[in-house]
Amino acid sequence: MNVAESLDAIHRLNPKLNAFLNVKADAVGIPIAVKDNIVTTDMPTTCGSRILRGFVSPYDATVITRLRRAGRAIVGKTNLDEFAMGSSTEHSAFGPTRNPWDTSRVAGGSSGGSAAAVAARMVPAALGSETGGSVRQPAAFCGVVGLKPTYGRVSRSGLVAFASSLDQIGIVTKTVRECAEVLGIIAGHDPLDSTSSNEKVDEYTADVDAGVKGLRFGVVREAVERLEGDVRANFDDALRVLRASGATVEDASVPTIGYAIAIYYIVANAEASANLARFDGVRYGHRSARAKTVHEMYFASRGEGFGAEVKRRIMLGTFALSSGYYDAYYGRAQAVRARLREDFAAAFQRFDFLLTPTTPEVAFKIGAKTEDPLSMYLSDIFTAPANLVGIPAIAIPSGFSREGLPLSLQIMAPHFGERALFRAAGFFEGETGYWRQMPTECRMQNAE
Amino acid sequence: MKITRDEARRIAELAHLEFDDAALERLAAEMTKILTYIDQLREVEGSTDKSVGATPLREDVARPGIAREAVERNAPSWRDGHFVVPKVIE
């Protein structure tokens with residue numbers, strides 16, 4: 001796909017899907033889209049928020065520089081939940097992104113724009129960002145490949161910070177090989193991000209076709225024991241594909257995995273409450289016109305600029321860090337997080353990979369969960385553990401529900417195991433080939 | 001954990017967020033529900049392992065920063081190379 005074809009598809013489909021917030025017509029190279037919390041000098045960066053209205057970054061994110069150097073063309077910036085806080089892209093100040101398989105449903109989130117753009121063939125690849133599943137969950141809902149690399153694998157210089165001990169830039173593509181190619185471009189140490197790792201950048205495409213004979217897959221028992229319906233049947237089918245290939249597939253145990261969402265909503269919100277303190281109306285973005293004093297300016301600018309979900313999370317995070325509650329909430333969450341890390345390390349003693357479905361359900365209807373924050377949070381129940389532990393994980397299309405909505409298998413590997421992850425995912429993709437199916441919305445457009 | 005409206009107001013003050021009474025009431029109820037879910041962390045034994053590596057630090061040397069004009073372009077109010085804000089002290 002070239003830039004002209006990509007722009008043409010965006011022009012045709014975006015009015016229906018709302019996947020892009022900004023499009024750049026003069027880009028040159030292989031098209032790629034970028035989530036709008038990754039800063040660019042030639043387009044605004046909104047983070048899906050009113051508070052950053054009019055903001056244009058004075059510098060490019062490191063991933064942007066690396067993509068351009070490798071001949072990729074940034075064709076546009078994609079929609080997201082405000083500051084990447086959400087699981088449906090409904091918390092964007094610019095309206096929800098719609099799922100290309102059924103436009104009455106969400107695309108997932110927070111990288112919903114990136115996932116919908118790839119699923120609808122508007123671009124062959126897109127960058128997203130991950131804090132608790134924000135690439136894998138929308139990739140699952142939209143039937144595309146979504147990777148969260150190891151914490152520190154990709155530079156975050158220029159990624160607007162949400163939760164700094166969890167954030168990592170991720171990749172959405174149609175196929176595993178394309179995903180491995182993009183990781184090869186953006187991975188590696190960056191002096192501008194001291195949390196980026198010095199670990200050698202691997203040959204990520206080398207084993208995509210190597211098969212999985214002799215590899216050991218563990219099925220996380222505590223995560224899958226309550227699965228039901230289509231998700232259960234589809235997951236069992238995926239295990240059969242792996243078993244038939246000569247891989248071992250056995251029960252694994254990660255006893256604390258069920259606590260991931262509880263840990264996540266303390267740790268992520270605590271860090272977010274600190275990171276988002278910078279949006280105060282002083283240096284950039286929205287400043288309230290009605291403030292008479294600097295104190296009023298902070299309250300009014302943030303009150304007017306932030307949406308309801310961002311405020312809710314800042315409130316929870318501020319609470320968890322406040323005097324009298326710090327040990328009981330933040331300290332407790334970090335201690336259980338350490339335990340979760342130990343449980344994963346023990347499981348990886350026996351297995352090369354751990355498996356769960358990517359999501360506990362298919363894409364839900366727009367509006368179905370906006371009034372119930374906790375039920376929205378539980379969308380990330382299978383994805384958040386990898387962020388808390390720092391390991392890489394990939395979401396790979398695994399078929400369709402009875403109503404024709406995408407389902408997805410999640411494969412997790414030990415730290416810096418991306419090459420092996422592409423091997424396992426590449427095998428599964430080759431055996432099943434679900435990526436070839438076109439979403440309803442593109443088929444209709446192509447027929448017109 | 002039950003969050004009252006007064007508790008929510010205290011947290012909002014700390015967080016520099018403005019809410020009206022109705023919004024505070026709603027937030028207090030939502031936070032109570034979410035924290036009740038989070039309270040399940042009390043039932044599990046944590047770990048004291050702190051072996052996760054600290055972030056490596058870089059040499060503290062001066063490096064080129066962002067050009068002042070580029071900063072000015074995004075400023076809500078700017079004069080003579082400075083951000084302008086409303087009165088700080090009465």
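P357(A) stands opposite L409(A) in strand β13 of chain A. Helices (H or I, at least four residues) and strands (E, at least two) are DSSP runs, numbered from the N terminus. The model is a predicted one, in which local features need pLDDT of at least 70 and side-chain atom pairs count only at pLDDT 80 or more, while totals for chains, interfaces and linings use all residues. Residues are numbered from 1 along each chain as its sequence is written, and chains are lettered from A and ligands numbered from 1 in the order in which they are written.

## The sheet of chain A

Chain A holds an open sheet of 11 strands with mixed pairing, in the order β1-β3-β2-β6-β8-β7-β12-β13-β11-β9-β10. Two strands pair if DSSP finds at least two bridges between them. At the edges are β1 (20-23) and β10 (248-252) of chain A, each of which pairs on one side only. On average, and with direction ignored, neighbouring strands are turned by 30° against each other. Angles run from 0 to 180 degrees between N-to-C directions, and axes are lines fitted to C-alpha atoms, for helices over the stretch in contact.

| Strand pair | Sense | Bridges | Residues opposite each other |
|---|---|---|---|
| β7(A) and β12(A) | antiparallel | three | L147(A) and I394(A) |
| β11(A) and β13(A) | antiparallel | four | P357(A) and L409(A) |
| β12(A) and β13(A) | antiparallel | seven | G399(A) and L407(A) |

The hairpin of β12(A) and β13(A) has five residues between its strands, among them G404(A), with a positive phi near 85°. Strand β13(A) itself is mostly covered, with seven of its seven residues buried. P406(A), S408(A), Q410(A) and M412(A) lie on one of its faces, L407(A), L409(A) and I411(A) on the other, and all are buried. A residue counts as buried if 20 or more other C-beta atoms lie within 10 Å of its own, as exposed if 12 or fewer do, and as partly exposed in between, with C-beta atoms placed from the backbone.

Helix α14 (residues 418-432) of chain A lies across β11 (353-357), β12 and β13 (406-412) of chain A and runs at about 10° to β12(A). The loop between β13 and α14 of chain A contains F416(A). F416(A) has a phi near 60°, positive in a residue other than glycine, and is buried, with 21 other C-beta atoms within 10 Å.

## The nonpolar core

A nonpolar core is a set of buried Ala, Val, Leu, Ile, Met, Phe, Trp, Tyr and Cys residues joined through C-beta atoms within 7 Å. The largest one has 165 residues, of which I263(A) and I411(A) touch the most other members. Helix α8(A) gives the most to this core, with 11 residues. Two residues are in contact if their C-beta atoms, placed from the backbone, lie within 7 Å. Apart from neighbours within four places in sequence, I411(A) is in contact with F353(A), L355(A), A393(A), I394(A), I396(A), L421(A), A424(A) and A425(A).

The axes of α8(A) and α10(A) come within 7 Å and cross at roughly 100°. That makes α8(A) roughly perpendicular to α10(A); angles of 65 to 115 degrees count as roughly perpendicular, those under 35 as roughly parallel, those over 145 as roughly antiparallel and the rest as oblique. The residues of this contact divide into eight nonpolar, four polar and one charged. Ala, Val, Leu, Ile, Met, Phe, Trp, Tyr, Cys and Pro count as nonpolar, Asp, Glu, Lys and Arg as charged, and the others, Gly among them, as polar.

Between the chains, 45 residues of chain A are in contact with 39 residues of chain B. On the side of chain A, α8 (260-275), α9 (294-305), α10 (308-321), α11 (326-350) and α12 (373-377) each supply at least two residues. This side has 27 nonpolar, nine polar and nine charged residues.

## Chain B

Helices α1(B) and α2 (residues 21-38) of chain B pack at an angle of about 100°, with axes 8 Å apart, which makes α1(B) roughly perpendicular to α2(B). In their contact, R5(B), E7(B), A8(B), R9(B) and A12(B) meet L24(B), E25(B), L27(B), A28(B) and M31(B). Six of the residues involved are nonpolar, none polar and four charged. H16(B), in the loop between these helices, has a positive phi of about 55° although it is not a glycine. H16(B) is buried, with 20 other C-beta atoms within 10 Å.
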